[in-house]
Amino acid sequence: MTLHNALVFSNEVAAAIWAGSPVVALESTLITHGFPYPANVDTALAMEAAIRAEGAIPATIAVIKGSIKVGLDGNEIEMLAGLGQAGVRKCSRRDLPIVAGLRQHGATTVAGTMIVAHMAGIKVFATGGIGGVHRGHPQDVSADLIELGRTPITVVCAGAKSILDLPLTLEVLETQGVPVLGYGTDTLPAFYSRSSGLPIDQRVDSPEDVAAIAAARDLLGLGHGILVAVPVPEADALPVDVAETAIAQATQEANAQGISGKDITPFVLGRVLELTGGRSQSANIAALVNNARVGARIAVALSI
Ligand code: PSU
Ligand code: MN
């Protein structure tokens with residue numbers, strides 16, 4: 001059996017892959033662990049719509065009763081969103097064989113989504129913030145960073161939230177051989193705000209620039225991912241002090257409550273959301289939809 005036989009494609013995504021049409025993968029952890037209901041469903045559908053508006057096909061990835069799905073329909077998104085964190089395992093690389101083997105539900109992280117997208121023949125994946133090295137816990141290195149070092153997917157994000165140690169995160173990406181591209185920017189975006197002040201490897205100003213770098217990576221036979229960091233749209237950015245105050249408090253609470261491992265990111269994201277009210281949520285959604293749009297443009301550039 002080949003790996004492809006382990007995947008279940010929606011008809012639309014299968015047809016697009018066979019035709020060589022542009023496809024953009026989307027993760028499902030942000031649906032189950034990133035947002036409360038019903039904002040999670042609305043955001044997932046808004047990202048899909050933004051991809052379609054650019055002439056590409058969205059492929060939301062998740063595991064449903066052990067079946068690794070490439071392209072969810074609205075009912076499946078609704079079902080996972082309703083089950084939430086309690087009913088769906090957050091799936092990085094180590095979790096995929098568990099959910100598949102034991103026929104569980106799974107929501108794929110950046111790492112998990114990259115793996116499935118690559119198995120499916122999809123080249124571009126759009127998300128919000130990637131995992132990284134946690135502030136104050138330099139041993140907690142997200143599997144996302146290691147996956148970027150070993151799987152040739154172009155990941156479009158809004159940088160990383162400053163719940164992470166951004167300088168250390170960049171160091172690990174360098175060690176893993178991952179090019180970090182700033183999309184229309186010279187510095188690493190910090191998710192809620194447009195700049196962390198930290199340098200990136202290369203500024204790019206068009207989807208064609210990204211496609212050229214991805215094509216060169218393939219010609220050179222280098223098997224790693226490429227990170228494209230897009231600043232959140234100006235109108236929706238959060239003032240740095242608002243984001244920082246909430247993140248500092250949420251991180252402190254996580255430490256005080258002894259939250260660890262894969263639970264840290266969802267816990268801190270949930271608390272930041274509560275502490276900033278609607279403001280962080282609208283910045284978050286704006287970044288996600290914008291990244292979906294940029295991802296679709298890159299997928300289109302790669303397909304011509
Ligand atoms: N950062 C965000 N939003 C998210 C995540 C990270 O701003 O939803 C999710 C992504 O799915 C990412 C995962 O891959 O959290 C990283 O978790 P960990 O730190 O456990 O690797
Ligand atoms: Mn982590």
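1. Axes here are lines fitted to C-alpha atoms, for helices over the stretch in contact, and the angles between their N-to-C directions run from 0 to 180 degrees. In this predicted model, helix 11 and helix 12 (residues 278-303) pack at an angle of about 120 degrees, and their axes are 5 Å apart. Angles from 65 to 115 degrees count as roughly perpendicular and those over 145 as roughly antiparallel, which is why helix 11 is oblique to helix 12. On the side of helix 11 the contact is made by Val 272, Leu 273 and Thr 276, and on the side of helix 12 by Gly 278, Arg 279, Ser 280 and Gln 281. Sorted by class, the residues of this contact are two nonpolar, four polar and one charged.

2. Helix 11 (residues 264-276) also packs against helix 10 (residues 240-256), at an angle of about 135 degrees and with the axes 9 Å apart. That angle makes helix 10 oblique to helix 11, and the crossing of the two is right-handed. From helix 10, the residues Val 242, Ala 246, Ile 247, Gln 249, Ala 250, Thr 251, Glu 253 and Ala 254 take part, meeting Phe 267, Val 268, Arg 271, Val 272, Leu 275 and Thr 276 of helix 11. This contact of helix 10 with helix 11 comprises nine nonpolar, three polar and two charged residues.

3. The crossing of helix 3 and helix 4 is right-handed. Asn 40, Val 41, Ala 44, Leu 45 and Glu 48 of helix 3 meet Ile 77, Glu 78 and Ala 81 of helix 4, and by class these residues are five nonpolar, one polar and two charged.

4. Ligand 1 is surrounded by 15 residues, of which Glu 27, Lys 90, Val 110, Ser 142 and Asp 144 are the closest. For Glu 27, a polar side-chain atom lies 2.6 Å from an oxygen atom of ligand 1. In the side chain of Ser 142, an N or O atom is 2.7 Å from an oxygen atom of the ligand, while for the side chain of Lys 161 the corresponding distance from an N or O atom to an oxygen atom of ligand 1 is 2.8 Å.

5. Two details of the backbone deserve a remark, given that most residues other than glycine have a negative phi, and most peptide bonds are trans. Tyr 37 and Pro 38 are joined by a cis peptide bond, with omega about 5 degrees, and Pro 38 is placed in the loop between helix 2 (29-34) and helix 3. Lys 65, although not a glycine, has a positive phi of about 45 degrees, and this residue lies in the loop between strand 3 (57-64) and strand 4 (67-70).

Definitions and conventions
Residues are numbered from 1 along each chain as its sequence is written. Chains are lettered from A and ligands numbered from 1 in the order in which they are written. This is a predicted model: local features need pLDDT of at least 70, side-chain atom pairs count only at pLDDT 80 or more; totals for chains, interfaces and linings use all residues. Side-chain values use heavy atoms; hydrogens and water are left out. Helices (H or I, at least four residues) and strands (E, at least two) are DSSP runs, numbered from the N terminus. Angles under 35 degrees count as roughly parallel, over 145 as roughly antiparallel, 65 to 115 as roughly perpendicular and the rest as oblique. A crossing is left-handed if the near helix is turned anticlockwise from the far one by less than a right angle, and right-handed if clockwise. Contact means heavy atoms within 4.5 Å. Ala, Val, Leu, Ile, Met, Phe, Trp, Tyr, Cys and Pro count as nonpolar, Asp, Glu, Lys and Arg as charged, and the others, Gly among them, as polar. A residue is near a molecule or strand if one of its heavy atoms lies within 4 Å of it. A polar contact is a pair of N or O atoms within 3.5 Å; within protein, one must be able to donate a hydrogen and the other to accept it, and residues adjacent in sequence count only if both atoms are side-chain atoms.
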